[in-house]
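Student: Hi, I have this structure open and I'd like to go through it with you. Could we take it piece by piece?
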Amino acid sequence: MLKEVVEKLNIKPNGTYVDGTLGGGGHAEAILKKLGPAGKLIGIDTDRDALTAAKSRLANYSNIEYIHDNFRNIKKILTAPVAGLLLDLGVSSYQIDEASRGFSLQHDGPLDMRLDQSEPLTAATVVNAYPKEKLVKIFKEWGEERFSNRVARAIITARQSKRISSTLDLKTLIEKAIPTWKKRESVTRIFQALRIAVNEELASLEKVLADAIDVFNPGGRLVILAYHSLEDRLVKQTLRQAKADGKIVILTKKPLTAKLEEIDLNPRARSAKLRAGEKV
Ligand SMILES: C[S@@+](CC[C@H](N)C(=O)[O-])C[C@H]1O[C@@H](n2cnc3c(N)ncnc32)[C@H](O)[C@@H]1O
C-alpha cells in the first residue's frame with residue numbers, strides 16, 4: 001500500500017520522517033523520492049539483515065540515517081521532533097522466505113523466529129522449556145487458537161522424548177494434534193502466537209503507540225499498517241483514545257485496505273489495514 005502510505009504521511013520536502021520498520025526499504029524509497037535535500041529519513045529496524053538490504057537498495061540516497069533498534073525505544077532514539085512516523089508491522093517477505101529465520105510454514109528451518117538475532121530468546125526455547133499453562137496462554141491470547149490446550153499437551157508429550165527443533169517438527173506435531181480439517185489455519189495461528197511471544201511484539205507496539213504522539217511536531221502524522229486483528233485492535237483503540245484526549249485527529253474513519261491488483265501481486269497485502277492520525 002505504497003501509494004496510500006505516502007499520501008497519508010503527507011510528506012513535506014524539508015521534513016524529517018521516521019520509517020520505524022525499514023525492512024527491505026520499499027516504503028523508505030517512496031518517502032525519499034518525495035524529500036528534498038533538506039529533508040531527512042530515519043530508518044529503524046530491529047533486524048540487522050533488513051538494515052543491510054535497505055542500505056544496498058537505498059545506496060544512492062544520502063539523506064537517510066540507519067538505526068539498529070526496536071521502535072519501542074522511539075523516544076530515546078529521536079533527538080528532535082519529527083513530521084511523521086510509519087510502522088509497517090510484523091515480518092518482511094525476506095524474513096518469511098528465508099528458511100533459516102524460522103518464520104516459514106513452507107520451508108523447514110530452525111525454530112528461531114527472532115526479529116533481532118542478538119536477542120537470546122528463540123521459539124525453540126519457548127516450545128521446549130515453557131510450562132504447559134504458559135504455552136496455552138500464549139496460543140490462546142496471541143493465536144486466538146481454540147485448540148490451544150491440545151497443541152500444548154502434544155508439545156509437552158513430544159518434547160519428553162526429543163527436543164522440538166525445527167519448524168517442520170512443530171508443524172507436523174500441531175497438525176496431528178488438531179482434530180479438524182482446518183489444520184493449516186491452526187498452524188498459522190500457533191506460529192503467529194510464538195512469533196509474538198519471542199519478539200514481545202504487542203508490548204513493543206503498545207509502547208511505541210503510547211510514545212509516538214510526543215515525538216511529533218503539531219501536524220505530525222502517524223501511519224500504521226497492521227496485519228492481524230490483535231495489532232489492528234491495539235492501533236484502533238489507541239488512536240480513538242488519543243482522539244478522545246484531544247491529541248490527534250483520525251485520518252482514516254475506516255481502515256484502508258489493499259486493492260485487488262496489489263493483493264494479486266503480494267498476497268500478504270490481503271490482511272493489511274492502514275490507519276493514520278495527525279497530531280493537533
Ligand atoms: C513488513 S516489514 C517492513 C517492510 C518495509 N516497509 C518495506 O517496504 O520493505 C517489517 C519490518 O519491521 C521490522 N520490525 C518488526 N518489529 C519491529 C520493532 N519492534 N522494532 C523495529 N523493527 C521492527 C522487521 O524486522 C521487518 O524488517
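Student: Which residue is the bridge partner of A226 in β7?
Tutor: The bridge partner of A226 there is K273, and please keep in mind while we talk that this is a predicted model.
Student: Ok, and in what sense do β5 and β7 pair, parallel or antiparallel?
Tutor: Strand β7, which covers residues 273–279, pairs with β5 in the antiparallel sense, and the pairing runs over six bridges. Two further places where you can follow it are R221, which stands opposite E278 in β7, and L222, which stands opposite G277 in β7.
Student: What holds paired strands like that to each other, in general?
Tutor: Strands of a sheet pair through backbone hydrogen bonds, and they can do so in a parallel or an antiparallel way.
Student: So which strand pairs with β5 in the parallel sense?
Tutor: That is strand β4, residues 82–88, which pairs with β5 in the parallel sense over six bridges. If you want a spot to look at, find L86, which stands opposite V223 in β5.
Student: Is β5 largely enclosed or open, and why?
Tutor: Strand β5 spans residues 216–226, and because eight of its 11 residues are buried, it is largely enclosed by the rest of the structure. Strand β7 is also largely enclosed by the rest of the structure, since six of its seven residues are buried.
Student: What about β6, how does it pair with β7?
Tutor: Strands β6 and β7 pair in the antiparallel sense over three bridges, and within that pairing V249 has E278 of β7 as its bridge partner.
Student: New topic: which residues come nearest to the ligand?
Tutor: There are 21 residues around the ligand, and the ones that come nearest are T21, G23, G26, D47 and D88. As for the elements involved, α2 (26–34) and β2 (40–45) each supply at least two residues of the shell around the ligand.
Student: And how many residues of that shell are nonpolar, polar or charged?
Tutor: The shell around the ligand divides into five nonpolar, 12 polar and four charged residues.
Student: Why does N10 count as partly exposed?
Tutor: It counts as partly exposed because N10 has 17 C-beta neighbours inside 10 Å, and a residue would need 20 or more to be buried or 12 or fewer to be exposed.
Student: What about E144, where is that one found?
Tutor: E144 is found in the loop between α7 (132–143) and α8 (148–161), and its phi is also positive, near 50 degrees. With 14 C-beta neighbours inside 10 Å, E144 counts as partly exposed.

How values were computed. Residues are numbered from 1 along each chain as its sequence is written. This is a predicted model: local features need pLDDT of at least 70, side-chain atom pairs count only at pLDDT 80 or more; totals for chains, interfaces and linings use all residues. A residue is near a molecule or strand if its C-beta atom, placed from the backbone, lies within 6 Å of it. Helices (H or I, at least four residues) and strands (E, at least two) are DSSP runs, numbered from the N terminus. Ala, Val, Leu, Ile, Met, Phe, Trp, Tyr, Cys and Pro count as nonpolar, Asp, Glu, Lys and Arg as charged, and the others, Gly among them, as polar. Two strands pair if DSSP finds at least two bridges between them.
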